[in-house]
Amino acid sequence: MVFQLSRQASEQLLLKNASNWSINDIYGLYLNLQYDGTSLICTTGTSMKLFSMDKSLDLLWDEAVITFFKKHQIAMLSV
């Protein structure tokens, strides 16, 4: 199952964190969930409209998802 953060929420995330990225640079911020019958694997993903070696948005999105899980008391293991 794949979830995409809304455009409005993506823009708020960028503004709140004073990111150098513009909402117009981003196709989407994604959370992929894969359940194999025993465990749930959650993977973040970003889709950009341009190529960049800058991974600051990836890190920002990772931290936002981790913060969400902690806020909602969702147990997790980082790999």
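Student: What does helix H2 (residues 56-71) lie across, and at about what angle does this helix run to S3?

Tutor: Helix H2 lies across S2 and S3, and runs at about 145° to S3. The angle is taken between N-to-C directions and can run from 0 to 180 degrees; the axes are lines fitted to C-alpha atoms, for helices over the stretch in contact. Contact here means heavy atoms within 4.5 Å.

Student: What should I keep in mind about the source?

Tutor: This is a predicted model, in which local features need pLDDT of at least 70 and side-chain atom pairs count only at pLDDT 80 or more, while totals for chains, interfaces and linings use all residues. Residues are numbered from 1 along each chain as its sequence is written, and side-chain values use heavy atoms, with hydrogens and water left out.

Student: How many helices and strands does the protein chain have?

Tutor: There are two helices and three strands, and along the sequence they follow the pattern β-α-β-β-α. The C-alpha atoms fill a box of roughly 40 × 25 × 20 Å along the principal axes.

Student: What makes strand S2 (residues 26-35) and S3 a pair?

Tutor: Two strands pair if DSSP finds at least two bridges between them. Nine bridges join S2 to S3, so they qualify, and they run antiparallel. Among the bridge partners, isoleucine 26 goes with methionine 48, and tyrosine 35 goes with leucine 40. S2 and S3 form a hairpin with four residues between them, and glycine 37 in that turn has a positive phi of about 100°.

Student: How do you know that S1 and S2 pair as well?

Tutor: Three bridges link them in the antiparallel sense, which meets the rule of at least two, so S1 and S2 pair too. Here phenylalanine 3 has leucine 31 of S2 as its bridge partner.

Student: Why do strand S1 (2-4) and strand S3 (40-48) stand at the edges?

Tutor: The three strands form an open sheet in the order S1-S2-S3. S1 and S3 each have a single partner strand, so one side of each is left without a neighbour in the sheet. From one strand to the next, the twist averages 20°.

Student: Which residues of H1 are buried?

Tutor: They are Ser10, Leu13 and Leu14. Buried means under 20% relative accessible area, exposed means over 50%, and partly exposed lies in between (1.4 Å probe, protein chains only).

Student: Why does tryptophan 21 count as buried?

Tutor: Its relative accessibility is 11%, under the 20% limit, so tryptophan 21 is buried. Tryptophan 21 is found in the loop between helix H1 (7-16) and S2. Leaving aside neighbours within four places in sequence, its contacts include Leu14, Met48 and Leu57.

Student: What joins the side chains of tryptophan 21 and serine 56?

Tutor: A polar contact of 3.1 Å. The term covers a pair of N or O atoms within 3.5 Å; within protein, one must be able to donate a hydrogen and the other to accept it, and residues adjacent in sequence count only if both atoms are side-chain atoms. At 3.1 Å, this pair falls within the cut-off.

Student: Why is the pair formed by phenylalanine 68 and phenylalanine 69 called tilted?

Tutor: Rings of Phe, Tyr and Trp (its six-membered ring) pair if their centres lie within 6.5 Å; planes under 30 degrees apart count as stacked, over 60 as edge-to-face and the rest as tilted. These two are 6.2 Å centre to centre with 55° between the planes, so they form a tilted pair. A search of the whole structure finds one aromatic pair.

Student: How do you know whether phenylalanine 69 is buried or exposed?

Tutor: At 11% relative accessibility, phenylalanine 69 counts as buried. Phenylalanine 68, at 43%, is partly exposed. In the protein chain, buried residues make up 20% of the 79 residues.
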